[in-house]
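Student: Please take me through one part of this model at close range. I am new to it.

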Amino acid sequence: MDLQASITTIKGVGPETTKKFEKLGVFTVYDLLTFWPRRYDDYSEILPILKIEPGAVTVKGTVESIKTKRVRRGMHITEAVIRDESSAVRVVWFNQPYREKYFKPGVEYYFSGLYDYSFNRYVLQSPSVEEAKDFTKNTARIVPIYAQTKGLDSKEIRRALAEITGLFKQLPETLPQDIIESNDLITYAEAAQQLHWPESHEALETAKLRIGFEEVFSYILA
């Protein structure tokens, strides 16, 4: 795939989604690869359920029970109990009734979300969910949050990026090699990939340093 190809060439990006991306200034594959996150949510630490505290958390477990109820017109609440070897916790999703048939018996999933006081008890509120695999887009990692527009949220942007991760290595270098070496910087391609899919806090900071250095360098040259 060519870096200057339209984002319509990305699997799952149809005409309507393309219009939404264009509102964000993303027209090509290159534009998406260099569409930097605005901030990050840290769900990288996976805790036993017994040890979670109020705040952003990630747990891994199986669904013990789940049911959906209609509380008023246009409002459904899906409640579940997830369990690991240490304990169990209640989970609540709003207007996501499909969750009731989403989970496979005995399969472990990552749940990343806000553990907070609601409905007179502490619950894990509307967490993102992914099957426990080697590579996750929305859970169990440092999750990038992007500028968004109506109908196109960060989850959809991450899904599109996941389809083109193999293209990061094609991004051209933007600094002279001697500048990179003398300042102990990583390449532009490496920085771009780490900004979107940080492997660790250290890798993310190294990527930010690389992009930040380039911005200052360009300003000095100008």
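Tutor: Start with a side-chain pair: Thr58 and Ser112 make a polar contact at 2.7 Å. A polar contact is a pair of N or O atoms within 3.5 Å; within protein, one must be able to donate a hydrogen and the other to accept it, and residues adjacent in sequence count only if both atoms are side-chain atoms. This is a predicted model, where local features need pLDDT of at least 70, side-chain atom pairs count only at pLDDT 80 or more, and totals for chains, interfaces and linings use all residues. Residues are numbered from 1 along each chain as its sequence is written, and side-chain values use heavy atoms, leaving out hydrogens and water.

Thr58 sits in strand E2, residues 55–72. Strands are DSSP runs (E, at least two residues), numbered from the N terminus. Thr58 has a relative accessible area of 0%, so it is buried (under 20%, with a 1.4 Å probe and protein chains only).

What does Thr58 touch, leaving aside residues up to four places away in sequence? Its contacts (heavy atoms within 4.5 Å) are Tyr43, Glu45, Ile46, Leu47, Tyr110, Phe111, Ser112 and Ala140.

Now the cores. A nonpolar core is a set of buried Ala, Val, Leu, Ile, Met, Phe, Trp, Tyr and Cys residues joined through side-chain atoms within 4.5 Å. The largest has 33 residues, and Phe21, Leu32, Leu33, Ile157 and Leu161 have the most contacts inside it. A second, separate core has 15 residues. Phe111, one of the residues Thr58 touches, belongs to this second core. Ile49, Val57 and Tyr109 are also included there.

Notes: Helices (H or I, at least four residues) and strands (E, at least two) are DSSP runs, numbered from the N terminus. Buried means under 20% relative accessible area, exposed over 50%, partly exposed in between (1.4 Å probe, protein chains only).
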